[in-house]
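Here are my notes from a first pass through the model. Have it open beside you as you read.

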Amino acid sequence: MAFTEEFKVKSPFYLAGTRELTDSSWVSRGQKPTAPSLSSIKIKKKKKIVGSASSPGNQWERSLLSCPPETHTLAVLVFSWRSREERTGASDTTTDGLADLGAGSLVDQYLYDMRLSDETLLDISQRFRKDMEKGLGANTHPTAAVKMLPTFVRSTPDGTEHGEFLALDLGGTNFRVLWVRVTDNGLQKVEMENQIYAIPEAIMRGSGTQLFDHIAECLANFMEKLQIKDKKLPLGFTFSFPCHQTKLDESFLVSWTKGFKSSGVEGRDVVALIRKAIQRRGDFDIDIVAVVNDTVGTMMTCGYDDHNCEIGLIVGTGSNACYMEEMRHIDLVEGDEGRMCINMEWGAFGDDGSLNDIRTEFDREIDMGSLNPGKQLFEKMISGMYMGELVRLILVKMAKEELLLGGKLSPELLTTGHFETKDVSEIEGEKDGIRRAHEVLVRLGLDPTQEDCVATHRICQIVSTRSASLCAASLAAVLRRIKENKGEERLRSTIGVDGSVYKKHPHFAKRLHKTVRRLVPDCDIRFLRSEDGSGKGAAMVTAVAYRLADQHRARQKTLEPLQLSHEQLLEVKRRMKVEMERGLSKETHTSAPVKMLPTYVCATPDGTEKGDFLALDLGGTNFRVLLVRVRNGKRRGVEMHNKIYSIPQEAMHGTGDELFDHIVQCIADFLEYMGMKGVSLPLGFTFSFPCQQNSLDESILLKWTKGFKASGCEGEDVVTLLKEAIHRREEFDLDVVAVVNDTVGTMMTCGYEDPHCEVGLIVGTGSNACYMEEMRNVELVEGEEGRMCVNMEWGAFGDNGCLDDFRTEFDVAVDKLSLNPGKQRFEKMISGMYLGEIVRNVLIDFTKRGLLFRGRISERLKTRGIFQTKFLSQIESDCLALLQVRAILQHLGLESTCDDSIIVKEVCTVVARRAAQLCGAGMAAVVDKIRENRGLDTLKVTVGVDGTLYKLHPHFAKVMHETVKDLAPKCNVCFLESEDGSGKGAALITAVACRIREAGQR
């Protein structure tokens, strides 16, 4: 049997033709009813039915409830239910407030656009999801409205944290200072003391200095009260505004929100500003360890109690959320392992226009009257800062249209901010809501009727329900993303929540929970209130950070000797100059480690050279054979053909005959490859090892370096050894005209392009330099006139102990286990042969002390030479550097976390930077000596450079250039890369020698 209810309503209805009625709300957009139990609705006026609708098959007619709007007469809505039981079981919201439908219906129709169906909410959720992806993407982030900022919070408490911590919680008109003690006695206990301080409006809108001085003053007051001013405690700073965070303790304010307008703060590091404010006082000191967003703090607080908590939500003065995102999706931070908390800054959702169809005229009016028009548009639709003001604007407009309050307005009602969000909460209270509405309207200088109070109550309901619904829509997007990230069919998750609206509004939390569960039915969600605010969370982040910081300090102390100051580098330069003088002097040359060897190269190309020349380039584990065609005149240029050959380990460590026979075999292969078998050509031999050169074509090997150990070569002329190997083969003959060092070859190659090039530098497998010295200073060769290129052999700098105070325990360890202990000490600090080994030794030290890899050392990491120097270049150059690090560490048999990868990268950076700086200090000594030799105030000079470390490492060259500029300010030094290696230089020296020899014969 049908059951009917009748309700008196006031016309007009504004319903004709466009409205539909559902079980879950009075009037809803584009949604089918969900309760077939409501079978029909009729409108009676003066006992006549003037409009009706029925629900055949759950589908309501679009011409629903048309009612003549000509007069404000009473009408009756008749609701028919199939049975009393079905009416009783239907959703309460169906007929919510039907007793007062006269005013309620009017408001419902007026605020139709603020009443969002689930279909609309799912659409908004989808839009939000797209905006999240934009914020995470490297290319789309700059223009994304939802910024998705990395927080650098990767860890939750592990139970080993302990100590006393301070926390500052600044995110609205009040801020808190907290003292937190964390004890690790197996039970994980947290004790807290806190005090709330107000921020006067004048300070909120004054200068940044005033604001941070006020905060420092309150902090001092709190510490004095607790008698802890004498302690230097670690502090976590909850700073709840949009920030660009670059480290855990460095955060740049992007823009003020929530009514703050302090000048001189946007774009600056808030941690630095508070540190300066504390320094200005000078009466206490603290260690600011972490800056976190209030949502992050809330998540960490609740995460302490519930390990499923991976989302933080604030709905208070402002609104924001954070969640744990997979590192592989965060383009702004390198690395793909683990998760990081993302501060979404969701208040700005819609700032790009994506919510324009959802925003109402009242939202636009609020925005225009705000301190930040066009910004934080989503926050202005949902947060406590604006909720009361939205209600006020609606009341004003409805009164102006004579739909409420008898068309009367008051100055108080017309004043911004006079209808507060707490009024909304009280009006919607379980008891006496209508009476409270009456009190608020009277306070605003109005004389409301009962219907006005009912309408105000309904307006509050609609505004706060929309807020909860919009929050739910964006939370649904976050939950779906986490669910997909985890690949789970059903997600179980906890949301930590804080904020005055969530906690104090009587229905907000319940509406939010219900809507979220409707929108994501495949997620089991628990909402956990953060009972003690976000301050405890900041302290928790700080406690974790402090534990990590202790470990970081231990690492930094170890790395400190590898980080050289300006003064230390100047001292290295001074000592290099001293050793250069000792090497040039006949008297001290024998004992000098930097040998400063004459090369007998006294001329550079003049452009008249021509002919075909062979060149050999031997200076490491690979060597090249080249055919160089030099042309002069109008077609002046150099044409080159070359082939690279490797030298097997057995040849490097066998006999001299075996090594040179291998070299000759490669020359024969090359000549055949070029179709020149049996041709006799002049040959230049680039031989990049310490030699005593007695003439251009006679060079005595002093000692092997770079891992070579071939016997029977040291003390012998390498030209003779090469010629003997050629004769043993009896296939061809070559005229060895010049033997040169690779640095000399590099200088000549670049000298062909740039007449200012008077210095050669190699930084590759090994390292060395040469330069044009005045003949009067080259005491080992007779003659005073002109200049001669001096091969410095600077790799041996420090072999006499003059660099011992700069060498670290790691340099000593690398040297001790090398093939030539005690020799080439400078080279072992700067060249590609050894940097990887230095890094490996540092990593082993860290791991042994539990500062890396959780204290577990793999057998592979113990293997000498396993950490190749090429890894340094990869680690520092790849835009996905931490991915690269992890791949390398996996190759070494090490399971690493993101933090481990960051530490490895830092070690690589420090070791490579020191190498570049030491190289720069040596080069500064060279160019300054050239300048002083010539008695110049300033010198313009070019350095020709070659070598894999210089060319392939992403930062080596830049750091070296900066160091030279810093240490030799009176020299204008250009660096020219030798694009085709030192082989071309040997051929050019040969070409010059042949030109001079032919001229002499003529």
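**Notes on the predicted model**

1. Strand β23 (residues 691-695) pairs with strand β24 (residues 698-701) in the antiparallel sense, over four bridges. The two strands make a hairpin, with two residues between them. If you want a spot to look at, S695 sits opposite E698 in β24. Keep in mind that this is a predicted model.

2. Next, the six-stranded sheet. The strands form an open sheet with mixed pairing, and the order across it is β18-β28-β27-β26-β29-β30. β18 (597-598) and β30 (971-977) are at the edges with a single partner strand each, so one side of each has no neighbour in the sheet.

3. Helix α21 (residues 742-753) packs on that sheet, and it touches β26 (757-763), β27, β28, β29 (939-946) and β30. The direction of α21 makes about 135° with that of β26. Helix α29 (residues 956-967) lies across β26 and β30, and runs at about 160° to β30.

4. Within the sheet, have a look at β27 (residues 767-774) and β28 (residues 787-791). These two pair in the antiparallel sense over five bridges. Which residue is the bridge partner of M772 in β28? That would be C789.

5. Now a helix pair. The axes of α3 (residues 118-136) and α13 (residues 450-486) come within 8 Å and cross at roughly 55°. That angle makes α3 oblique to α13, and the crossing is right-handed.

6. Who makes the contact between these helices? On the α3 side, the residues are L121, I124, S125, F128, R129, M132, E133 and L136. On the α13 side, they are S469, L470, A473, S474, A476, A477, V478, R480, R481 and E484. Sorted by class, the contact of α3 with α13 has 10 nonpolar, three polar and five charged residues.

7. Is V630 buried or exposed? V630 counts as buried, because its relative accessibility is 1%, and the cut-off for buried is under 20%. Leaving aside residues up to four places away in sequence, V630 touches E609, K610, G611, F613, G637 and L988. As for G607, which is 23 residues from V630 along the chain, the C-alpha atoms of the two are separated by 9.4 Å.

Definitions and conventions: Residues are numbered from 1 along each chain as its sequence is written. This is a predicted model: local features need pLDDT of at least 70, side-chain atom pairs count only at pLDDT 80 or more; totals for chains, interfaces and linings use all residues. Side-chain values use heavy atoms; hydrogens and water are left out. Two strands pair if DSSP finds at least two bridges between them. Contact means heavy atoms within 4.5 Å. Axes are lines fitted to C-alpha atoms, for helices over the stretch in contact, and angles run from 0 to 180 degrees between N-to-C directions. Angles under 35 degrees count as roughly parallel, over 145 as roughly antiparallel, 65 to 115 as roughly perpendicular and the rest as oblique. A crossing is left-handed if the near helix is turned anticlockwise from the far one by less than a right angle, and right-handed if clockwise. Ala, Val, Leu, Ile, Met, Phe, Trp, Tyr, Cys and Pro count as nonpolar, Asp, Glu, Lys and Arg as charged, and the others, Gly among them, as polar. Buried means under 20% relative accessible area, exposed over 50%, partly exposed in between (1.4 Å probe, protein chains only).
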